[in-house]
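Reader: Please show me the model, and then let us go through its packing by question and answer.

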Amino acid sequence: MSFAQPGHGPIEYDPVQYPGSQVMFRGPAADLSQPYVLCLGGSETYGKFVSAPFPEQLSRALNRPVVNMGVMNAGLDLLLHDPAIAGVMTGAEAVVLQIMGAHNLNNRFYRVHPRRNDRFVKASGLLQTVYRDVDFTEFHFTRHMLSSLQILSEDRFAIVVQEVREAWVARMRQVIGQINVPLHLLWIADHRPDEQPRDGTLGTDPLFIGQEMLEDIAGEATTLSFSVADETDRVNPTRGMFFAPGEAGAARALPGPHLHDRAAEMLAPCLAG
């Protein structure tokens, strides 16, 4: 449970499971007996450290259930293979799909955990050939592994990035192919596509997603919305968020309440019809 800013109570995430899944989603459980909108995504859609994430705000604005199936650190593989997500998807009147990074998915270079997609499981023989100087048993998370590869060799790292980007586009097409209702894509981040981190690090999510990649899949969606941090948000990125002292770094990497507000404001008119 997260601690609050002074003077406020802690956030209650009310974790809930839906039939057929071992994954814990943010609650409370939605009423699936009446028409509903489904929101799919990762930590941003889940709304970690945020008291009213955009799916909750959409539910109030639309006056109908909005199912928050954002999962902490999720990648596209979870969306494709989780039975509960598949079941709820078939009954939705519309779907909001958050643009997630390309790093937390299976590809020709490495495999990730089927539910905890941020967990690095195994390097392929191909990756071990490209990086013969690396002991991959030392890594447990995709970000740690990729950060280390980037530091070792920018040229070799570029090969890995190209592979995960191609895998992301293919996997996005698979996800979109399973959605037979209006699909609304959402980019919610502290940067725009193709905006590179200035400090030489991997940067913040969604990792490795460029404008050309978005254009490649945007034509298959009804809308594409951008909720991007402005200068005020960047000066104080954790404004309005609730977290324990040791979670400040994690909070800075996630969108705050103002980005959730903007996302809801943009999506509500698209979903109101």
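**Cores, helices and cysteines**

Author: Of the 64 residues in the largest nonpolar core, M69, L127, F136 and W168 touch the most other members. A nonpolar core is a set of buried Ala, Val, Leu, Ile, Met, Phe, Trp, Tyr and Cys residues joined through side-chain atoms within 4.5 Å. Buried means under 20% relative accessible area, exposed over 50%, partly exposed in between (1.4 Å probe, protein chains only). This is a predicted model: local features need pLDDT of at least 70, side-chain atom pairs count only at pLDDT 80 or more, and totals for chains, interfaces and linings use all residues. Residues are numbered from 1 along each chain as its sequence is written, and side-chain values use heavy atoms, leaving out hydrogens and water.

Reader: What distance separates the end C-alpha atoms of α7?

Author: The expected span of a helix is 1.5 Å times one less than its number of residues. For the 24 residues of α7 that gives 34 Å. The model agrees: the end C-alpha atoms are 34 Å apart.

Reader: Which residues does M69 touch, not counting residues up to four places away in sequence?

Author: Contact means heavy atoms within 4.5 Å. By that rule, M69 touches Y18, F25, L38, C39, L40, G41, A84, I85 and V88.

Reader: How many residues are in the second, separate core?

Author: Its members include C39, L62, L186 and A268. The count for this second core is 17 residues.

Reader: Why do the buried residues of α2 line one face of the helix?

Author: In α2 (residues 54-62), the buried residues are F54, P55, Q57, L58 and L62. The arc is that of the directions from the helix axis to the C-beta atoms. Seen down the axis of α2, the buried residues line one face because they fall within an arc of 160°.

Reader: Which elements do the buried residues of α2 pack against?

Author: The helices are α1 (43-46) and α11 (257-271). The strands are β1 (37-41), β2 (66-70), β3 (94-98) and β6 (183-189).

Reader: Is V67 buried or exposed?

Author: V67 lies in strand β2. Its contacts include Y18, L32 and V88. Its relative accessibility is 0%, so V67 counts as buried.

Reader: How far apart in space are V67 and L32, C-alpha to C-alpha?

Author: In sequence, V67 and L32 are 35 residues apart. In space, the C-alpha distance is 8.4 Å.

Reader: How many disulfides are there?

Author: A disulfide is a pair of cysteine sulfur atoms within 2.5 Å. The sulfur of C39 is 12 Å from the closest cysteine sulfur, in C270, too far for a bond. C39 is buried at 0% relative accessibility, while C270 is partly exposed at 32%. The count of disulfides is zero.

Reader: What kind of aromatic pair do Y13 and Y46 form?

Author: Rings of Phe, Tyr and Trp (its six-membered ring) pair if their centres lie within 6.5 Å; planes under 30 degrees apart count as stacked, over 60 as edge-to-face and the rest as tilted. The structure holds nine aromatic pairs. Y13 and Y46 are 5.6 Å centre to centre, with 35° between the planes. The pair is tilted.

Technical notes
Helices (H or I, at least four residues) and strands (E, at least two) are DSSP runs, numbered from the N terminus.
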